Amino acid sequence: MQKSSIILKLSLKSTPSPVQEIENHLLQSKGIKLFIKRDDLIHPQVSGNKWRKLKYNLLAAKEQKKETLLTFGGAFSNHIYATAAAGKVFGFKTIGLIRGERIEPLNPTLAYAEEVGMELHFITRSDYRRKEDAIYQKEVRDRFGDFFLIPEGGTNAAAIKGCAELVEEVKQQLAELPDYWCASCGTGGTLSGIIAGLNGQKKILGFSALKGDFHQKDIRGMLSKVSATLKVADTSNWQVNTDYHFGGYAKFKPPLIDFINTFKKDNNIQLEPIYTGKLFYGIYDLIKNDYFPSGSSIFAVHTGGLQGIAGFNRRFGNLII
Ligand SMILES: Cc1ncc(COP(=O)(O)O)c(C=O)c1O
């Protein structure tokens, strides 16, 4: 099959996602423009950064004539959900190796993944920690046969290439590139893509959804691997803010929940508590504290993840409205 026809087949109809400007009194009083890239609208299930990360992986899998995608994730993983959905849309069998034990009834993320055909296998936390180790991967190949491996969170060089395309898209959508580019950081793959796409232009600010300051090293490592292929010369214009993780991955406090619910009421845009809620909470807090000079424009990526709200609300009692 010709490459162009594969690309055509893998294009989801709704890309490019819209860029939306937010207007309110705070932004007006501080002289700030805020734009949101609505990647949450890319597709109902393969949404946000997940589509960008999966796109070139799916193409590679097709080119290598693989029939099965195998990947790893936690029980509430957006990546597991999106990979299961993408498998269904693009005709791959999918296998998910899930950290921990199977708990019935399955949470909404895993129930959906199984419903659309992902074969779920629950592995011990100690095996899960070995997922990148060659011996463990051989054991997995011996057990599951031939497959295309996508790492946890979908982050690899192909994913970074997909995320870098976001910048090209925005160049077609806005007359001028915004001054600050903001995105949530889990593995840092999405931010690495944006850094690569901007190639030294503007300032990039990641907001860590996790505790710890490992992102500097991880992102530098990822960029050094892709710089030559993606022709990136300058990757010096970024930093990761670690002030808004609310205690760590999937941890939250009442002000975060209030922010998410108010943001929805004011803007009719749904955020979630793991990544995008923390991102926008951080952006608003920095705006209030005059981090961004008056006259600046901020661009923030809504990376999706809304599927996780059902599981979150089931665990914590319908906090997100
Ligand atoms: C909704 C959402 N936003 C942001 C991120 C962070 O992306 P990355 O792991 O590329 O830093 C993730 C995790 O992949 C996510 O699911």
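Reader: Which residues touch the most other members of the largest nonpolar core?

Author: This is a predicted model. Its largest nonpolar core holds 54 residues. Helix H8, residues 157-173, gives the largest share of this core, with 8 residues. The residues that touch the most other members are Cys-182, Ile-194, Ile-298 and Ala-300.

Reader: Which residues is Ile-298 in contact with, leaving aside its neighbours within four places in sequence?

Author: Ile-298 belongs to the largest nonpolar core. Its contacts include Cys-182, another member of that core. With sequence neighbours within four places left aside, the list reads Ile-32, Lys-33, Leu-34, Pro-178, Tyr-180, Cys-182, Ile-283 and Phe-292.

Reader: How many residues are in the other core, which lies apart from the largest one?

Author: Among the members of this other core are Leu-69, Ile-80, Ala-82 and Leu-110. The core as a whole has 23 residues.

Reader: What is the radius of gyration of the protein chain?

Author: The chain has 13 helices and 10 strands. For 321 residues the globule rule gives 20 Å, and the chain comes close to that, so it is as compact as a globular protein of that length. Its C-alpha trace spans about 60 × 45 × 35 Å along the principal axes. The radius of gyration is 19 Å.

Reader: What share of the contacts with a separation of 6 or more joins residues 24 or more positions apart?

Author: Buried residues make up 42% of the 321 residues in the chain. Contacts are a separate count, here taken at a separation of 6 or more. Residues 24 or more positions apart account for 74%.

Reader: What separates the centres of domain 1 and domain 2?

Author: Domain 1 covers 3-44 + 158-316, and domain 2 covers 49-154. Their contact takes 26 residues from domain 1 and 21 residues from domain 2. Taken over C-alpha atoms, the separation of the centres is 24 Å.

Reader: Which helix supplies the largest share of the side of domain 1 that touches domain 2?

Author: H1, H8, H9 and H13 each supply at least two residues of that side. By class, the side has 9 nonpolar, 13 polar and 4 charged residues. The largest share is 7 residues, and it comes from H8.

Reader: Which element gives the most to the shell around the ligand?

Author: The ligand is surrounded by 18 residues, and the closest are Gly-186, Gly-189, Tyr-275, Thr-303 and Gly-305. Domain 1 and domain 2 each give at least three residues to this shell. Helix H4, strand S7 and helix H9 each supply at least two. The most, 3 residues, come from H9.

Reader: How many residues of the shell around the ligand are polar?

Author: The shell has no charged residues. Its nonpolar residues number 3. The polar count is 15.

Reader: Is Gly-145 buried or exposed?

Author: Gly-145 sits in the loop between helix H7 and strand S6. Its C-alpha atom is 9.3 Å from that of Thr-68, 77 residues apart along the chain. Gly-145 has 11 inside 10 Å, so it counts as exposed.

Reader: Which residues does Asn-261 touch, not counting residues up to four places away in sequence?

Author: Asn-261 lies in helix H11, residues 254-267. It is partly exposed, because 16 other C-beta atoms lie within 10 Å. Its C-alpha atom is 8.2 Å from that of Leu-271. Beyond four places in sequence, Asn-261 touches Ile-320 and Ile-321.

Conventions
Residues are numbered from 1 along each chain as its sequence is written. This is a predicted model: local features need pLDDT of at least 70, side-chain atom pairs count only at pLDDT 80 or more; totals for chains, interfaces and linings use all residues. Helices (H or I, at least four residues) and strands (E, at least two) are DSSP runs, numbered from the N terminus. A residue is buried if 20 or more other C-beta atoms lie within 10 Å of its own, exposed if 12 or fewer, and partly exposed in between; C-beta atoms are placed from the backbone. A residue is near a molecule or strand if its C-beta atom, placed from the backbone, lies within 6 Å of it. Ala, Val, Leu, Ile, Met, Phe, Trp, Tyr, Cys and Pro count as nonpolar, Asp, Glu, Lys and Arg as charged, and the others, Gly among them, as polar. Domain bounds come from an automatic or database domain assignment. The radius of gyration is taken over C-alpha atoms; the globule rule is 2.2 Å times the number of residues to the power 0.38. Two residues are in contact if their C-beta atoms, placed from the backbone, lie within 7 Å. A nonpolar core is a set of buried Ala, Val, Leu, Ile, Met, Phe, Trp, Tyr and Cys residues joined through C-beta atoms within 7 Å.
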